[in-house]
Amino acid sequence: MPAEAACAPAGGIPGITVPNIERFAVMKLLHIDSSITGDHSVSRAVSGAVVNQIKSANPGVDVSYLDLASNPLPHVTLPDIGDPTSNTALNAFLAADIIVIGAGMYNFTVPSQLKAWIDRILIAGQTFKYTETGPQSLVAGKRAIAVLSRGGLYGPGAPAEAHEHAESYLRSVFAFLAIPLELIVAEGVAMGDDVRKAAMAAAFARAQAIAA
């Protein structure tokens, strides 16, 4: 939350002060899930643990939840870009201080539901602008945490590493917006019960260690 600011004179009247409104600013958290596997989803379980960890340290946090599987966004259209005031996904993103995303890796990349959401927040003039020296973020200062589950092994050094386009894509998106991305990966969750349990245990431990 923002640090408490000093009180300021009320209307310039000596001896009367009012607290700066920033003192009472409420931290806003946007929680997004995109896995289609419901209660069997690893990313949903771990993203929920991340949100609970943050809530436990910040009881007053205002959490908004968006389930892109049960409430999918259509593909972005020109009117979505041309009229940002009607872009509810963009407005929720702009209002959030923290964004927590849960996603599986489908066919080597993020779910199309999540891509549709990203297409609604990467809009020139709203979250970034073009300058003579290149693109510049308009939303730096936010915090982003992503939980990614992968059925196989796609990490550094794995034979399938070159097929990994989910983690790299999310890193690119948030780097473009100058928002550092904290990433928790549960890998190999489709490679048998023992591997799945170990991957989930490691991911939950990472979630519990998330700095609030």
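**Salt-bridge network.** I started with the charged side chains and found R150, E164, E167, R171 and E187 linked in a network of salt bridges. My cut-off for a salt bridge is a side-chain nitrogen of Lys or Arg within 4 Å of a carboxyl oxygen of Asp or Glu. Side chains of opposite charge can pair when their charged atoms come close. For E187 and R150, I get 2.7 Å between the closest N and O atoms. E187 sits in strand 9 and R150 in strand 8, so this pair ties together parts that are 37 residues apart in sequence. R150 has a relative accessible area of 3% and is buried. I use "buried" for under 20% relative accessible area, "exposed" for over 50% and "partly exposed" for in between, with a 1.4 Å probe and protein chains only as cover. The structure holds 9 salt bridges.

**Ground rules.** This is a predicted model, so I note that local features need pLDDT of at least 70, that side-chain atom pairs count only at pLDDT 80 or more, and that totals for chains, interfaces and linings use all residues. Residues are numbered from 1 along each chain as its sequence is written, and side-chain values use heavy atoms, with hydrogens and water left out.

**Whole chain.** I count 6 helices and 9 strands, taken as DSSP runs numbered from the N terminus (helices H or I, at least four residues; strands E, at least two). Of the 212 residues in the chain, 40% are buried. I also looked up contacts, meaning heavy atoms within 4.5 Å. Among those with a separation of 6 or more, 73% are between residues 24 or more positions apart. The chain exposes about 11,100 Å², and carbon and sulfur atoms supply 58% of that; accessible areas are by Shrake-Rupley with a 1.4 Å probe, and for residues only the protein chains shown count as cover.

**R44 and its partners.** What does the side chain of R44 meet in a salt bridge? It is the side chain of D33, at 3.9 Å, N to O. D33 lies in strand 3 (residues 28-33) and R44 in helix 1, so the pair ties together parts that are 11 residues apart in sequence. Both D33 and R44 are buried; for R44, I read 15% relative accessibility. Helix 1 covers residues 42-57. The R44 side chain also makes a polar contact with the side chain of D67, at 2.8 Å. A polar contact here is a pair of N or O atoms within 3.5 Å; within protein, one must be able to donate a hydrogen and the other to accept it, and residues adjacent in sequence count only if both atoms are side-chain atoms. Setting aside neighbours within four places in sequence, I list D33, S35, G38, Y65, D67 and A69 in contact with R44.

**G48, also in helix 1.** G48 is in helix 1 and counts as buried at 18% relative accessibility. I checked its C-alpha against that of I32, 16 residues apart along the chain, and got 9.6 Å.

**A pair inside helix 4.** D119 and K115 meet in a salt bridge at 2.8 Å, N to O. They are 4 residues apart in helix 4, which puts about one helical turn between them. D119 is partly exposed at 23%, and K115 is partly exposed at 33%.

**Helix 5.** Which residues of helix 5 are buried? I find E167, L170, V173 and F174.

**Positive phi.** A178 takes about 60° in the loop between helix 5 and strand 9, with 40% relative accessible area, partly exposed. F108 takes about 80°. Its loop runs between strand 5 and helix 4, and F108 is partly exposed, also with a value of 40%.
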